[in-house]
Amino acid sequence: MKTFLFCMLGLSITACTPKKASNNNQDELAMLVGTYTNGTSKGIYTFRFNQETGRATLLDSVELDNPSYLTPSEDRKMVYAVSEMNDSTAALNTLSFDKETGSMHLLSTELTLGGDPCYVATNGSKVLTANYSGGNMSVFSLLKDGRPAPVDTLFEGATTGSDPIRQSTPHIHCAVFSPDGKYVFATDFSADRILRFVLHPNAATPHPSMKATDIESGSGPRHLTFSPNGKYAYLITELSGKVIAFNYDDGRLNQIQTITADTMAVRGSADIHLSPDGKYLYASNRLKGDGIAIFSVNPQNGNLAKVGYQQTGIHPRNFNITPNGKFLLVACRDSNIIQVFQRDEHSGLLSNTHQDIILDKPVCIQFIHSVNNP
């Protein structure tokens, strides 16, 4: 294994017999939910979710320790899920997945070699995990059957941030592939920068580039997302509670705007997503005034303007938007529910449908189209 230091730059749902999802309705999605398992949750739960009505039906569950973040494989036949453990058992798990029934079976487990993996991403040939307390990013190459081989490379974060408590040790919080497929970007939480790695088609692993994107000291960069057209990127900072907008062009992130998401300055901003049409951006805040900040996106220059704020349950860690843009679902970890909000496509504002999904400590939501709508 090669190692590089990159310093330049309540109520639970029980398992049930799998139910066959409708193949005829194009509005039916498979929904996967990751949880923390230090309460009554077992691990990962699958649902059938109707993106026209906002109603969810439990399909299946599988036992797994702290699957706090997960993502489907490129062909949607497998799921990659972390086990967020703060010890040597921290791992990346691979599960088979049936979109019709929602059933899952554990296929393999590989150690991340970094504690508390909290994010996972794949491009079909590699899988990345961001390891929060480990302070590194793990790179796994995928075998022909879609399972990851053991970690072949670790990239380490740094500690140059100004917060003596939260940034005293390295933390990598997310790792994403660029929309053009050429790069990997990772948020170096304790160094207040975004690391960039080049993906070479014939290389076994990404390589560190000679450039990182620095942001304001003490910000604590957390999650990064790209616009649907690939022209812009948006970063949520946990400690400063701001959204930073960038122009994106061939690996270069050029900052164009900073706007506040957490007006209470409680240092708990978490997740960030754009609507499928790219017209609105949403950012979650925790610890006080829990909710979702809502911004409109200027299509001409990518700039943001705040248009509203939606209160949610307690500790909205992760949220997701249905592919048709009609619903936004929020995993409220400490309220033990997933809230289902309907989006107004014209204003971007949210309204509570009161169709809560009751589940202990939900923290990650992913959608997959039905079999007949890949």
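This note covers cysteines, aromatic pairs and nonpolar cores in a predicted model.

1. Basis. The model is predicted, so local features need pLDDT of at least 70 and side-chain atom pairs count only at pLDDT 80 or more, while totals for chains, interfaces and linings use all residues. Residues are numbered from 1 along each chain as its sequence is written, and side-chain values use heavy atoms, with hydrogens and water left out.

2. Cysteines. The count of disulfides (pairs of cysteine sulfur atoms within 2.5 Å) is zero. Cysteine 118 is in no disulfide; its nearest cysteine sulfur belongs to cysteine 174, 8.3 Å away. Cysteine 174 is likewise in no disulfide. Cysteine 118 has a relative accessible area of 4% and is buried (under 20% relative accessible area; exposed is over 50%, partly exposed in between; 1.4 Å probe, protein chains only). Cysteine 174 is buried too, at 0%.

3. Aromatic pairs. The whole structure holds nine. Rings of Phe, Tyr and Trp (its six-membered ring) pair if their centres lie within 6.5 Å; planes under 30 degrees apart are stacked, over 60 edge-to-face, the rest tilted.

4. Tyrosine 69 and tyrosine 119. This pair is stacked, at 4.3 Å centre to centre and 20° between the planes. Tyrosine 69 sits in the loop between strand 4 (56–63) and strand 5 (70–72), and tyrosine 119 in strand 9 (residues 117–122). The two are 50 residues apart, so the pair links distant parts of the chain. Strands are DSSP runs of E, at least two residues, and helices runs of H or I, at least four, numbered from the N terminus. Both partners are buried: tyrosine 69 at 9% relative accessibility, tyrosine 119 at 11%.

5. Phenylalanine 155 and phenylalanine 197. Here the pair is tilted: 4.5 Å centre to centre, 40° between the planes. Phenylalanine 155 lies in strand 12 (residues 153–156) and phenylalanine 197 in strand 15 (residues 193–198), 42 residues apart. Both are buried.

6. Cluster and main core. Tyr183, Phe185, Phe226 and Tyr248 make up one aromatic cluster. Phe185 and Phe226 are also among the residues that touch the most other members of the largest nonpolar core, which has 55 residues. A nonpolar core is a set of buried Ala, Val, Leu, Ile, Met, Phe, Trp, Tyr and Cys residues joined through side-chain atoms within 4.5 Å. Contacts of phenylalanine 226 (heavy atoms within 4.5 Å), not counting residues up to four places away in sequence, include Phe185, Tyr248, Leu253 and Leu274.

7. Another core, of 16 residues, lies apart from the largest one; among its members are Leu29, Val33, Tyr45 and Ile338.
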